[in-house]
Amino acid sequence: MTDRTAASIADRAAAATPAGLTRRVRGLSDRAIAWLFIAPTIVLLLAINIFPLIWTVYLSFTNYRANRPGRVIDWVGTRNYERLLGSEDVWEYMQATAHFVSWTMIIQVILGLGLALLINKNFKGAGFWTTIILIPMMLSPAVVGTFWTYLYQPQTGIFSYIINAFVEVGPIDMIGSPGLAPWSIIIVDTWMWTPYIMLLSLAGLRSIPDYLYEAAEIDRANTWQKFWHITLPRVMPFLMLAVLFRGIENFKMFDMVVELTSGGPGSITELASINLKREAFEKWRTGYASAFAVILFVTVFGLGNIYVKALNRVKQ
Amino acid sequence: MSARATTAHSVVEIKAAGKWFAGILVAAYALVAVIPLAWILMTGFKSPPDSISYPPKVVFEPSLEGYVNVFTNRSRQTPEYLESLGPPKAWYDKISRKRNMVITGPSRFAGRYMNSVVIGFGSTFLAVFLGTLAAYGFSRFKVPLKDDLLFFILSTRMMPPIAVAIPIFLMYRTLGLSDTILGMILLYTAVNVSLAVWLLKGFIDEIPREYEEAAVVDGYTRLQAFIKVILPQMRAGIAATAIFCLIFAWNEYAFALLLTSGNAQTAPPFIPIIIGEGGLDWPAVAAGTTLFLVPIVFFTVLLRNQLLRGITFGAVRK
């Protein structure tokens, strides 16, 4: 299918520039170049993103199982969706996801904005320390999850040791205890992604012209008033952008948490994506998992729409 | 704050004190944030008993055992058998003999690492190549439904990988692309091309149109103007975009976990399963992790002024 599209576009491009027609346009016409340049990307995305997506939607209405390729596929209508929406377990996974997303966002906004306000004071060495702070954000989440299991070791881990140096509470089993496990993933995510919120907040702070503060100074505004009436409204679009993007990413969170807790203990940190992987690639309930995937995708797509609107607002 | 209480200080001094205080707080955060990384770096040079000692050892006798273990497979032998082998031939033999082990061959780590390199560079090259063309098309020409197409391109990046993985798994199984390097390159190219288009479009938008127009007046065709005038101007932007794509491909885990196993597996799904005898061999895991993360830290420092642009798809430029 994709080959034919590519070929027909090439044909059209060729047709648009007959050999003799070099008087008016030399070489390819603008329109032909535009399509020739854009088409490969679109074709690739159609083949590897959109086609699979449509397939997922189709599978979500069947009882297909990928580990039994030969079996006849039965159309089951909306049964998968009914099961999903009626399932208490799914509701729990969604709650675990919501808990993770909301707490990571709240903590990271406070820390990230706080750091940005401090860095914006332009002390000596600000650039150096900022670069150091940014490093965790660029690392592989799965590998980060793996090595935090080592840091979180209750008896021998450095995390428990450092906490105990301040308050003596004995060995802390971050990953193994049901009360702490949700916080173990929130802490690692905060460590990794606070820099993201910080970086965007900093961009917002640097976009505020000095004269606004000077005018406020003349009006005898105090520090709090300046923050509330000038800084916050100006940083808000950037903060919104950061929260939306990270919110979407954390809603889909998979790699770091799989390696850190793999959903446990029990299913306390079983986020939506982790359960989806279990259904699709361990239990091989492909149809059911596809329905779950569609629900997640629709949610992300809705959020993505808002994200692009926010993006355009910040751009202006 | 304390400066304000004593009226003798001037406003300037208060500001200086505030700066100093801010510097201390930020440095403190940075130092705390760096502990996990420093700890992993150190663990890579510990011996296995040191890595699980209580209290955790900050001062220890450095050992290359972790690095030897991550690159080799070993088997435990009786002292009598070790005796019969004669003296160890190389320094790494010596290290494993100390634990009554014999090196039986290289581990899969080097191969997994190379897969990461090949798939990373292959997909980056393709994504940047396609992205440059598409970005130029979107930046310079009237394209019908331009905004919708750009949104479509971005939205593909937002999809949850696991949701797309189900049909891609089926599709690759049918096409014979599962667990192949080519399959992974194509997949990562598709994920990265959206970022590449958005970032590169931002960079091209910044190049004045007059450059090309002047070139066309000089007798260049559109295509020649693009190749000889625009491309050289984009060099920095292309480099930054390429690094972002490379980092994504390097770090990717979900697709690699689900679509590869014996042949095309990359390092991220492999590092967690570096198992030693009786549980995880932490120094080996730490050694593998260090080798895997060092290039990223290097690129992050290199890219620090472009990061903002990269993480917002080119929308925020400072």
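## Basis of the model

Residues are numbered from 1 along each chain as its sequence is written, while chains are lettered from A and ligands numbered from 1 in the order in which they are written. Because the model is predicted, local features need pLDDT of at least 70 and side-chain atom pairs count only at pLDDT 80 or more, whereas totals for chains, interfaces and linings use all residues.

The pLDDT is the predictor's confidence in each residue, on a scale from 0 to 100. Its average over chain A is 86, and 91% of the residues score at least 70. Two stretches of chain A stay under 50: residues 1-7, for which the model has six contacts beyond four places in sequence, and residues 17-25, for which it has three such contacts. Two residues are in contact if their C-beta atoms, placed from the backbone, lie within 7 Å.

## Chain A: overall architecture

Chain A contains 13 helices and zero strands. Helices (H or I, at least four residues) and strands (E, at least two) are DSSP runs, numbered from the N terminus. The radius of gyration of chain A is 26 Å, well over the 20 Å that the globule rule gives for 316 residues, so chain A is more spread out than a compact globule. That radius is taken over C-alpha atoms, and the globule rule is 2.2 Å times the number of residues to the power 0.38. Along the principal axes, the C-alpha trace of chain A spans about 75 × 60 × 35 Å.

Chain A is divided into domain 1 (2-59) and domain 2 (88-315), the bounds coming from an automatic or database domain assignment. The centres of these two domains, taken over C-alpha atoms, are separated by 40 Å. Of the 316 residues in chain A, 44% are buried. A residue is buried if 20 or more other C-beta atoms lie within 10 Å of its own, exposed if 12 or fewer, and partly exposed in between, with C-beta atoms placed from the backbone. Among contacts in chain A between residues at least 6 apart in sequence, 71% join residues at least 24 apart.

## Chain B: overall architecture

Chain B has 17 helices and two strands. Its radius of gyration is 26 Å, well over the 20 Å given by the globule rule for 318 residues, so chain B is more spread out than a compact globule. Taken along the principal axes, the C-alpha atoms of chain B fill a box of roughly 85 × 80 × 40 Å.

The domain assignment of chain B gives domain 1 (2-43) and domain 2 (110-273), and the C-alpha centres of these domains lie 40 Å apart. Buried residues make up 46% of the 318 residues in chain B. Of the contacts in chain B with a separation of 6 or more, 74% are between residues 24 or more positions apart.

Helix H13 (residues 235-251) of chain B has 17 residues and reaches 24 Å from its first C-alpha to its last, close to the expected 24 Å. The expected span of a helix is 1.5 Å times one less than its number of residues. In H13(B), 13 of the 17 residues are buried, so this helix is largely enclosed by the rest of the structure.

Helix H8 (residues 146-158) of chain B has 13 residues and reaches 19 Å, close to the 18 Å expected. The buried residues of H8(B) are Leu150(B), Ile153(B), Ser155(B) and Thr156(B).

## Local backbone features

A cis peptide bond joins Gly264(A) and Pro265(A), with omega about -5°; Pro265(A) lies in the loop between helix H11 (255-260) and helix H12 (272-281) of chain A. The loop between H11 and H12 of chain A also holds Ser262(A), which has a positive phi of about 40° although it is not a glycine. Ser262(A) is partly exposed, with 16 other C-beta atoms within 10 Å.

Asn122(A), in the loop between helix H4 (88-119) and helix H5 (126-134) of chain A, has a positive phi near 55° and is exposed, with 10 other C-beta atoms within 10 Å. In chain B, a cis peptide bond joins Tyr54(B) and Pro55(B), with omega about -5°; Pro55(B) is found in the loop between helix H3 (48-51) and helix H4 (65-71).
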